[in-house]
Amino acid sequence: MDVNMSAEDTAFRDEVRAFLAENLTDEMREANHLNGGFFADYEISRRWFLALSQKGWVAPSWPAEYGGCAWTPMQKYIYSTEAAKAGTPHYFALGISMVGPVIMRYATEAQKAHYLPRILSGEDVWCQGYSEPGSGSDLASLQTRAVADGDDYVINGSKIWTSNAHRANHIFCLVRTKDTERRQEGISFLLFPMDCPGITVKPIINIVGEHGFNQVFFDDVRVPQSCRLGAENDGWTVAKYLLEFERGGSAHAATVAASLAQLRNVAAGDALEDPLFAQKIAGVAIKQLAAEFTEHRVIADITRQGRPGPASSFMKVMGSETNQAITELTVEALNYYAAPFQPEARKPGNNVKPIAPEVGVAAVAKYLFLRAASIYSGSNEIQRNIMAKQILGL
Amino acid sequence: MNFDFSEEQYLLRDQAKRFLADRSTPAVVRAVLEDEAKPYDEDLWRGMAELGWLGTAIPEEYGGAGMSGEDLCVIAEELGRSLAPTPFSSSVYMATEALLMAGSDQQKQDYLPALAMGERIGCMAVSEGIGVTDAASINTRANEGVIEGAKVPVADGDVADFAVVLAAQGNSGDTSLFLVELNDDSVRREAVEMVDPTRSHVEMTFEGTAAELLGEPGEGWSITQAVFDRAAILMAFEQVGGAQACLDMAVDYAKNRFAFGRAIGSYQAIKHKLADIYVATELARANAYYGAWALATDAPDLATAAAAARVAASEAYNLAARENIQTHGGMGFTWEFDCHLYYRRAKLLSLALGGERKWKDRLVSQLEARNSSGEE
C-alpha cells in the first residue's frame, strides 16, 4: 500500500492549487461559507462554474473528444479534495454530471454537436424531470405521459423536486410512452426546452424557507419525437447508464472533512472540553477517515479491475448520516446561539451582524437542510435495499 | 498512490483462507471450547509455524520471513474469520512486536528465531485488575533483576514460555518492560475462564522471579502503548474478519429460513439489519486499511489510525455478532449453533488491549494533537 502521490500527481495538485489561488475569489469563498443548503448562492456559484469552464476543467469525467478533462480517478480525487479544502461554492450543473454523459452515449452526432458545447459553456442549464408526486422511491411507477401524435409527442403530467427548474432552460425527463406489465419497459427519455408552451413551474419552499425545488406541470406540451434519447420505451436503460458513468474519484470525504473542521472550530474552547462531546466528535471523525480511505480503495479497485468494487455503494448511506451527525453536533456545540435563524446574515455581501458566532452562522440552516440528505438521490432505505440485493444477494 | 494490497498479498490471503477453512473448522474451535484441558489447537499452531506465519514480520536475520506489517494484517483478517484458537495474537502481535521494537540485538537473537519457528510462545502481561491500567496503576515491582507481583488476566499465560511484563521500578510512575521466563517455581499460573473460552487466560503471580530489562528503563509504559497501537491494528483486522464471517452466516441463514411462506431475507426488517452490518463492516475495513498502511510505513499518524481502526472494528464486530444471533432467531441462542462463538470472540477482542472506551479517548487526544499542530 502506498498513499504517497506520484510526481505527476503532485505536479497536478500544484497546478490545481495555483488555479484555485488565482481564480477562487473571496466572494466565492464567502458564498460557500454562508451556504446553508445544497447549492451555494446561484449567481456567485455560477461565476465559479464559468471560471472552470474557461479553464477547461468543468467536466472531469467527460472524454477529451467532447471537451472534457478525461482525468484519471486519481486526478478527479485530487481536484475534488483541493476544491473542498479551498472552499469552492457548490454549483448547479446537472448538464455536466447527468445529461451530458447520456447524450454522449445515446444522441445523434448532430445532437451531440448542438448540446455538449452549450453544456460546457454554461449556456444551457438543465434540470431533471424524474420524480413525480406519486413516484418517488418507486420511480418506475411514473405517470407523466407522452402520447405520439404525428412526428411529435404530447406530454401531460407533473414532475416534482425539480431543482432550479425556474432557472433552467432545458429539462431531461422520464415519461411513460406505453403501459406494460413490467413498468420499466414503457418509459422513454426526452430532452426539451423549458419554454415550450404548456409548461408551468411552481415553487416549492423547503424546510429552510428557501426556494430551490419546484413542481413542474405539463399541459399538452408538444415536443418533436426526435428529442428522444435511445429507443422508445427504453428510457429506463438510458437513465441507468448514468449510474455506470461516474466511476470513482469523487471526494465526499474532503467535504465531510471541511464540515468536521468547521465543527471543531465551533466547539473549540467550549464543547470540546467536555469529554463526552469530544467522544461524539471522535465517532464522526472515524467515519470521515473511513470515507477517505474508502475513496482510496475505490480508486485502487478501478485501477485493478476497471470498475469500483462494492465498497462504493455504502458511501451514500454513511456520507449522508455522517453529514447529518455533524450538523447536529454543530448545533449542540453552539448551544442557544444555534437557535437564531437569520437568513439575511447568510446572504453573501450582507452587513448583518449575526447573533451566532461567525463560524456558526449557517449552522441552523444546515441542521434543517441536512434532513434532505437521507432522502434525496435514493432514500437511505432504498440504498439499504440495493445493498441487500446487489451485494448480499437477498 | 496505490491503496491496495499487492498481488503477493492477495495470494497470501487465498492461502490463508484455504488453510484455515481446512484446519480451523468449527469442530476444531469447539474442541478447544469444550475441553478444559485443551488451551489451544496445537496442530493448527504447528501448521501456522510451517507456513512461516509466526515470523511474518520478523527480519530474515532473526529467522523470520522479513515481510511487512501489511502481510500480517492479511493473515489476521483470516484468523478472525476462522476464530483460530491459538496464541497467535499474544506471541506474534505482542511478544514479537515488543522484542522487535525494544529488544537489544542479543535479545532478538535469543528470542526471535524460536518465536518464528513456533518453538516458543510469548505473551504480554500488563493488566493487574479492576480500574484503568496506566503507568501509575502498576503494582508489580522489579528490583535488582527480580520481579514481584500479580497480573490478571494474561492472555495465553498458561501456554507461554516467557512473558513481556510491565513493572514499576524506582520512583512512582516509572515503569519498565521485562522479559520473564515462566517455567520457574517462582511463577504461579491459575486459569481464568473468560467470556470466550476458546482463548485461554490466567492470573500470573511472580514471587521473586528473574527478570531481564527489555528496552530503556523508565520507558515501559510508552513502549507498551506503542506495542498496543500496532496490536490494535492487527486486532482490528481480526475483528473485521469476524464481522464478515457473521454477516456471511446471517445472509446465508436469511436466504434459507422461511417464515410466512417467504425467505426471511426478503423482509426489509432483515434486509436493512444486514445492510447496516455491511456498512459497519466496510467502515471498519476502511479504517483498518488505513492502519495497515500506517503499520507498514511506520506513519507518524499510526496512533490515530490505530485508535480509529480499533473503535470502528470493535463496533462492527459487536454489532455483527449480536445481529447474527437475532437473525438466527431461537437457533442463534443455542449452544449447538456457532453464533455464540463469534459473539464471545467479538466481546473478548473489544475488551482486550484496554477496551473501547480507552481507544475512543486515545482517538480524541490524537485528533486534538493533530489539530493543534495544524496537520491534516
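**Close-up views of a predicted two-chain model**

**View 1. In chain A, α1(A) passes α4(A) in a right-handed crossing.** Welcome to the first stop in this predicted model. Helix α1 (residues 7–23) and helix α4 (residues 73–86) of chain A pack at an angle of about 35 degrees, and their axes lie 10 Å apart. From α1(A), the contact draws on Asp9(A), Phe12(A), Arg13(A), Val16(A), Arg17(A) and Leu20(A). Facing them from α4(A) are Met74(A), Gln75(A), Ile78(A), Tyr79(A), Glu82(A), Ala83(A) and Ala86(A). Sorted by class, the contact of these two helices holds eight nonpolar residues, four charged and one polar.

**View 2. Chain B meets chain A through 35 residues of its own, in contact with 37 residues of chain A.** Four helices of chain B each supply at least two residues to the side that touches chain A: α7 (220–256), α8 (268–297), α9 (302–328) and α11 (355–372). By class, the side of chain B that touches chain A divides into 22 nonpolar, seven polar and six charged residues.

**View 3. Leu11(B) sits in helix α1 (residues 7–23) of chain B.** Is this leucine, Leu11(B), buried or exposed? Leu11(B) counts as exposed because 12 other C-beta atoms lie within 10 Å, and the cut-off for exposed is 12 or fewer. While you are here, find Val74(B) as well: Leu11(B) and Val74(B) are 63 residues apart in sequence, and their C-alpha atoms are 9.9 Å apart in space.

Technical notes. Residues numbered from 1 in each chain as written. Chains lettered and ligands numbered in written order. Predicted model: local features only at pLDDT ≥ 70, side-chain atom pairs only at ≥ 80, totals over all residues. Contact = placed C-beta atoms within 7 Å. Nonpolar A, V, L, I, M, F, W, Y, C, P; charged D, E, K, R; others polar. Axes fitted to C-alpha atoms, helices over the stretch in contact; angles between N-to-C directions. Left-handed = near helix turned anticlockwise from the far one by under 90°. Buried ≥ 20, exposed ≤ 12 C-beta atoms within 10 Å, placed from the backbone.
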